[in-house]
Amino acid sequence: VNTKPLAQQQMGVLQEMIPGASVKCCTGDDASAVRMRLLFKEEDVIVCTAGKFLNELDDSTVRLDEVSLIVVDECHHSRKKAPYAKVMGYYLEEKQSGKCELPQVVGLTASPGAG
């Protein structure tokens, strides 16, 4: 997601829809690199902003091969130098190198044809 309120909203929905799953929210405001690293080890589902995920990839705190699914909400915002687009740039580099397993990617939008 692209904002902290959306991340928190999605976390709530996932907690309701997947009983028993450990779901946490992580945004740039509330998690250091160490905290993010721990979340990847402890949680079933992590909802984070695109900017936070991009920062963790930039800092090598997390790797794409540690993720099983990336859901890009509001994917019509994935243009030019937007965080979503940069995350997918990492994905493309890894895909072309063939060095590791990559997560599945699902893009969602309520605005088909936008962007």
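A residue counts as buried under 20% relative accessible area, as exposed over 50%, and as partly exposed in between. Cys100 has a relative accessibility of 23% and is therefore partly exposed. The model in which this value was computed is a predicted one.

The cysteines can be taken together. A disulfide requires two cysteine sulfur atoms within 2.5 Å, and the structure holds zero disulfides. Cys26 has a relative accessible area of 0% and is buried, whereas Cys100 is partly exposed.

The largest pocket comes next. Its space amounts to about 750 Å³, and 26 residues line it. Ile46, Val47, Leu69, Ile70 and Val71 are the lining residues closest to the centre of this pocket. Several elements contribute at least two residues each to the lining: helix H1 (4-17), helix H2 (33-42), strand E2 (45-48), helix H3 (50-58), strand E3 and helix H4. Strand E3 gives the most, with five residues. By class, the lining of the largest pocket consists of 19 nonpolar, three polar and four charged residues.

Strand E3 spans 69-73 and helix H4 spans 83-97, and the loop between them holds His76. The relative accessible area of His76 is 14%, so this residue counts as buried. The side chain of His76 is joined to that of His77 by a polar contact of 3.4 Å.

The second largest pocket has a volume of about 160 Å³. Its lining is made up of Leu57, Ser60, Val62, Arg63, Leu64, Asp65, Tyr90, Glu94 and Cys100. Five of these residues are nonpolar, one is polar and three are charged.

Which residues form salt bridges? The count comes to three. In one of them Lys52 pairs with Glu56, with the closest N and O atoms 2.5 Å apart. Both residues belong to helix H3, where four residues, about one turn of the helix, separate them. Lys52 and Glu56 are both buried.

Arg63 has 47% relative accessibility and so counts as partly exposed. Asp65 has 34% and falls in the partly exposed class as well. Arg63 also forms a salt bridge with Glu66, where the closest N and O atoms lie 3.9 Å apart. The cut-off for a salt bridge is 4 Å, so the pair of Glu66 and Arg63 is counted. Glu66 is partly exposed, at 27% relative accessibility. Through shared partners, Arg63, Asp65 and Glu66 are joined into one network of salt bridges.

Methods:
Residues numbered from 1 in each chain as written. Predicted model: local features only at pLDDT ≥ 70, side-chain atom pairs only at ≥ 80, totals over all residues. Heavy atoms only, no water. Buried < 20%, exposed > 50% of the residue type's maximum accessible area, 1.4 Å probe, protein only. Polar contact = N/O pair within 3.5 Å; in protein donor to acceptor, adjacent residues only side chain to side chain. 1 Å grid on protein atoms, 1.4 Å probe; cavity = no way out; pocket = protein on both sides within 12 Å on 5 of 7 lines; lining within 4 Å. Points joined across faces, edges and corners; volume = space filled by probe spheres on them. Nonpolar A, V, L, I, M, F, W, Y, C, P; charged D, E, K, R; others polar. Salt bridge = Lys/Arg side-chain N within 4 Å of Asp/Glu carboxyl O.
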